[in-house]
Amino acid sequence: MKARRKGEKAFPSTDIETLVEMALKVVAQNFEMYPELKGIEDSNVLQSITKLIDPKLPITVTARNVDYEFYWEKKCK
């Protein structure tokens, strides 16, 4: 293994997910079991989770807990 030069990225590949990306996916995948996201205060995080939520989830789960218009547009299409 060669040592990297100063200024080069340690992992040049962007195929590796960050821990934040992994966590967002897990929350979105389990949204049906835990639909209330009251502890999350950062709107960017909430939007990221909402983008990953499956639009095929029942409306009874998502109606009270999702306030973003882009989700409802995607769900209606």
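The model is a predicted one, in which local features need pLDDT of at least 70, side-chain atom pairs count only at pLDDT 80 or more, and totals for chains, interfaces and linings use all residues. Residues are numbered from 1 along each chain as its sequence is written, and side-chain values use heavy atoms, with hydrogens and water left out.

**The whole chain**

Helices (H or I, at least four residues) and strands (E, at least two) are DSSP runs, numbered from the N terminus.

Of the 77 residues, 21% are buried. A residue is called buried under 20% relative accessible area, exposed over 50%, and partly exposed in between (1.4 Å probe, protein chains only). A contact means heavy atoms within 4.5 Å. Among contacts between residues at least 6 apart in sequence, 32% join residues at least 24 apart.

**Helix 2**

Select residues 43–52, which form helix 2, and colour Leu46, Ile49 and Thr50, its buried residues. Viewed down the helix axis, these buried residues fall within an arc of 100°, so they line one face of the helix. The arc is taken from the directions from the helix axis to the C-beta atoms. As a general rule, an α-helix has 3.6 residues a turn, so residues three or four places apart point the same way.

Turn to the other side of helix 2, where Asn44 and Lys51 are exposed.

Within helix 2, now select threonine 50. Threonine 50 has 4% relative accessibility and counts as buried. Leaving aside residues up to four places away in sequence, threonine 50 touches Val66, Tyr68, Phe70 and Tyr71.

**Aromatic rings**

Show the side chains of lysine 51 and phenylalanine 70. The charged end of lysine 51 sits over the ring of phenylalanine 70, 6.0 Å from the ring centre. For this description, NZ of Lys or CZ of Arg must be within 6 Å of the ring centre and within 35 degrees of the ring normal.

Rings of Phe, Tyr and Trp (its six-membered ring) pair if their centres lie within 6.5 Å; planes under 30 degrees apart count as stacked, over 60 as edge-to-face and the rest as tilted. By this rule there are two aromatic pairs. For tyrosine 71 and tryptophan 72, the ring centres are 5.2 Å apart and the planes stand at 85°, so the pair is edge-to-face. Tyrosine 71 is buried at 0% relative accessibility, and tryptophan 72 is buried at 19% relative accessible area.

**Helix 3**

Move to helix 3 (residues 59–62) and select threonine 62. Threonine 62 is buried, with 0% relative accessibility. Beyond residues up to four places away in sequence, threonine 62 touches Phe31, Leu57, Tyr71, Trp72 and Lys75.

- Select valine 26 in helix 1 (residues 19–29). Valine 26 is partly exposed at 45% relative accessible area. Valine 26 and leucine 52 are 26 residues apart in sequence, with 9.6 Å from C-alpha to C-alpha.
- Select glutamate 32 in the loop between helix 1 and helix 2. Glutamate 32 is partly exposed, with a relative accessible area of 46%. The C-alpha atoms of glutamate 32 and leucine 57 are separated by 7.3 Å, although the two lie 25 residues apart along the chain. Setting aside residues up to four places away in sequence, glutamate 32 touches Leu57, Pro58 and Val61.
- Select aspartate 54 in the loop between helix 2 and helix 3. Aspartate 54 counts as partly exposed at 38% relative accessibility. From aspartate 54 to alanine 28 the C-alpha distance is 7.7 Å, across 26 residues in sequence.
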